[in-house]
Amino acid sequence: MSNIVRIILSSFLLIGTVVLFWFGHWGWGILGILITILAWVTVFFNENMLIAQWYLRKENMAKAEQWLRNIKNYEKQLISAQHGYYHMLLGILESQRAPLQSEKYFKKALTLGLHMSHNIALAKLSLAGVAMAKRNKREAEKLLAEAKKADKNKLLADQIKMMKNQMGLMDKQQFRYSR
């Protein structure tokens with residue numbers, strides 16, 4: 001359902017709730033307020049995205065992908081602030097199946113815009129992993145530095161450190177095979 005339809009339905013619910021209060025039906029009016037708030041929340045936060053994120057936290061990737069696939073046209077169904085997060089979730093799901101194929105989703109998420117610094121750091125860290133898999137050390141180092149800079153709350157510090165250690169192991173392997 002597009003956002004315009006959601007806004008119209010939410011407006012009608014709001015008008016109906018005001019009418020209920022006007023005629024003195026306080027119990028139904030309070031229930032109407034709760035339903036109206038829920039309807040307005042779905043304008044700004046798509047329910048498919050919320051459920052997909054919940055399943056990702058539960059590590060049920062199949063269900064998360066099923067809920068993300070329910071979004072047929074993300075440009076109409078999501079507000080512009082959610083476009084980047086939609087592609088980031090698709091990238092996370094794709095990285096479970098084929099890590100090298102997830103690069104396009106993370107790049108698109110960064111170009112569309114992510115608002116939280118730890119999400120930017122996560123996308124850049126994932127891109128650094130893809131660059132390491134492609135044996136592109138220079139790009140991986142650049143992306144790791146950007147991820148470390150974006151990770152202001154040090155939520156991904158352990159993953160960044162682990163990635164740097166893996167990069168060091170990659171150098172040792174290249175040195176060993178080059179002799």
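Okay, thanks everyone. Before I start, keep in mind that this is a predicted model.

Let's begin with empty space inside the protein. Rolling a probe the size of a water molecule over the atoms shows where empty space is left. Here, the count is one cavity of 30 Å³ or more, and the volume of the largest cavity is about 30 Å³. So who's around it? The lining of the largest cavity is made up of Glu103, Leu127, Val130, Ala131, Lys134, Glu139 and Leu143. If you sort those by class, you get four nonpolar and three charged residues, with no polar ones. Two helices, α8 (117–133) and α9 (137–150), each bring at least two residues to that lining. The top contributor is α8, with three residues.

While we're at those two helices, have a look at the loop between α8 and α9, where Arg135 sits. Most residues other than glycine have a negative phi. As for accessibility, Arg135 is partly exposed, at 48% relative accessible area.

Glu59 is another one for that list: its phi is positive too, near 60°, and again this is not a glycine. You'll find Glu59 in the loop between α3 (47–57) and α4 (61–69). Is Glu59 buried or exposed? Exposed, because its relative accessibility is 65% and the cut-off for exposed is over 50%.

Now over to the start of the chain. Asn3 belongs to helix α1, which covers residues 3–22. Asn3 counts as buried, as its relative accessibility is 11%. What does Asn3 touch, once we set aside neighbours within four places in sequence? Its contacts are Val43, Lys76, Gln77, Leu78 and Ile79.

Last stop, the aromatics. There are three aromatic pairs in the structure. One of them is Tyr74 with Tyr86, a stacked pair with 5.3 Å centre to centre and 20° between the planes. Tyr74 is in helix α5 (residues 74–77) and Tyr86 is in helix α6 (residues 83–97), so this pair ties together parts 12 residues apart in sequence. Both partners are buried: Tyr74 has a relative accessible area of 15%, and Tyr86 has 7%.

Notes: Residues are numbered from 1 along each chain as its sequence is written. This is a predicted model: local features need pLDDT of at least 70, side-chain atom pairs count only at pLDDT 80 or more; totals for chains, interfaces and linings use all residues. Side-chain values use heavy atoms; hydrogens and water are left out. On a 1 Å grid over the protein atoms alone, a cavity is a set of points where a 1.4 Å probe fits but cannot get out, and a pocket is an open set with protein on both sides within 12 Å along at least five of seven lines; lining residues have an atom within 4 Å of a point. Grid points are joined across faces, edges and corners, and a volume is the space filled by probe spheres set on the points. Helices (H or I, at least four residues) and strands (E, at least two) are DSSP runs, numbered from the N terminus. Ala, Val, Leu, Ile, Met, Phe, Trp, Tyr, Cys and Pro count as nonpolar, Asp, Glu, Lys and Arg as charged, and the others, Gly among them, as polar. Buried means under 20% relative accessible area, exposed over 50%, partly exposed in between (1.4 Å probe, protein chains only). Contact means heavy atoms within 4.5 Å. Rings of Phe, Tyr and Trp (its six-membered ring) pair if their centres lie within 6.5 Å; planes under 30 degrees apart count as stacked, over 60 as edge-to-face and the rest as tilted.
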